[in-house]
There are 2 protein chains.
Amino acid sequence: MRHTISVLVENEFGVLARVAGLFSGRGFNIDSLSVAETQDPTVSLMTIVTRGDDQIIEQIIKQLHKLVNVLKVTDLQEGEYINRELILAKVNATEQTKPEILRLVDIFRGKIVDVSPKTYTIEITGGEEKIRALLDLLRPLGVKEFVRTGKVAMPRGLQGAPA
Amino acid sequence: MRHTISVLVENEFGVLARVAGLFSGRGFNIDSLSVAETQDPTVSLMTIVTRGDDQIIEQIIKQLHKLVNVLKVTDLQEGEYINRELILAKVNATEQTKPEILRLVDIFRGKIVDVSPKTYTIEITGGEEKIRALLDLLRPLGVKEFVRTGKVAMPRGLQGAPA
């Protein structure tokens, strides 16, 4: 089962290595992870997407709580949060592919962020399904470079969460 | 000095912990890191933003090259790449703040992605300067929750890079 876990941490050396080590030590791959400062520059928020048995994830969450520098751990439940990620894709732009790239950018409410004689670089944001659909559509056009941020997530509405 | 480093890795247990450990072992904080699968699900691309002395960064890059499972390391030079990140911010929405939030979303070409009786959740993407400017403008309105993906980057135009 897919899990999205938010971990609020103090910005100290080695926190990321210890958190990542907790997962790998138990043989769990991290599908994606993003970590960056919050509004308070002494505190960072990690968003981790992983797959695994519920019980073992529960254990990992308990162990995360015990780590020094970990302030808060939230296991975000499917459907109750907004999730988004950002991708940049550099696509082959030929006379044949240009109209289709522009249509996709329009449909997916994306942006063209760089142009060269032979490429368009596009920026698109969305949830998991949307990004997957887009990638399936872009692939036949020839994607030369591709980078994604991994998912970030936030509870809907008034529910509490890492600030 | 600020450095943005792309690291292409094989998806094996513990790669992230080892990469993060290289930085923390030398007393370098990671300002942001994002890692997610590429188009090839056996390979992931990390984007790491760090600050530090050029010579020591050079050493770290050499050591990254030596790690098992590391396929490619690119030190992206200022000005020669596109960089973007995504933020989600849940802002207090009162009769007083709503018009200003909507104006900011419009100016920054963002989106409102969730609404509750007392909050608007907005999604905005941009480079470092834009995100910093936005945060300065949002703060006085009352930001209840905030998450950012950390920067992802891609060389401009036809220059090569991790695919």
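A crossing of two helices is left-handed if the near helix is turned anticlockwise from the far one by less than a right angle, and right-handed if clockwise. Helices here (H or I, at least four residues) and strands (E, at least two) are DSSP runs, numbered from the N terminus. In this predicted model, local features need pLDDT of at least 70 and side-chain atom pairs count only at pLDDT 80 or more, while totals for chains, interfaces and linings use all residues. Residues are numbered from 1 along each chain as its sequence is written, chains are lettered from A in the order in which they are written, and side-chain values use heavy atoms, with hydrogens and water left out.

The model scores ipTM 0.90 and pTM 0.91.

Chain A has four helices and nine strands, which run β-α-β-β-α-β-β-α-β-β-α-β-β from the N terminus on. Along the principal axes, the C-alpha atoms of chain A fill a box of roughly 55 × 35 × 35 Å. Of its 163 residues, 59% count as buried, where buried means under 20% relative accessible area, exposed over 50%, and partly exposed in between (1.4 Å probe, protein chains only). Contact means heavy atoms within 4.5 Å. Among contacts in chain A between residues at least 6 apart in sequence, 74% join residues at least 24 apart.

Two packed helices are described by the angle between their axes and the distance between the axes. Axes are lines fitted to C-alpha atoms, for helices over the stretch in contact, and angles run from 0 to 180 degrees between N-to-C directions. Between the chains, helix α1 (residues 15–25) of chain A and helix α1 (residues 15–25) of chain B have axes that come within 8 Å and cross at roughly 160°. That makes α1(A) roughly antiparallel to α1(B); angles under 35 degrees count as roughly parallel, over 145 as roughly antiparallel, 65 to 115 as roughly perpendicular and the rest as oblique. The crossing of α1(A) with α1(B) is left-handed. Leu16(A), Ala17(A), Ala20(A), Gly21(A) and Ser24(A) make the contact from α1(A), and Leu16(B), Ala17(B), Ala20(B), Gly21(B) and Ser24(B) from α1(B). By class, this contact has six nonpolar, four polar and no charged residues. Ala, Val, Leu, Ile, Met, Phe, Trp, Tyr, Cys and Pro count as nonpolar, Asp, Glu, Lys and Arg as charged, and the others, Gly among them, as polar.

Eight of the eleven residues of α1(B) are buried, among them Leu16(B), Ala20(B) and Phe23(B). The cover over these buried residues includes α1 and β2 (30–37) of chain A, together with β1 (2–10), β2 (30–37), β3 (43–51) and α2 (54–66) of chain B. After α1(B) comes Gly27(B), with a positive phi near 75°.

Within chain A, the axes of α1(A) and helix α2 (residues 54–66) come within 11 Å and cross at roughly 155°. These two helices are therefore roughly antiparallel to each other, and α1(A) passes α2(A) in a right-handed crossing. Val19(A), Leu22(A) and Phe23(A) of α1(A) meet Ile60(A), Gln63(A) and Leu64(A) of α2(A).

Arg109(A) has a positive phi of about 50° although it is not a glycine. Arg109(A) lies in the loop between α3 (98–107) and β6 (111–116) of chain A, and at 57% relative accessibility it counts as exposed.
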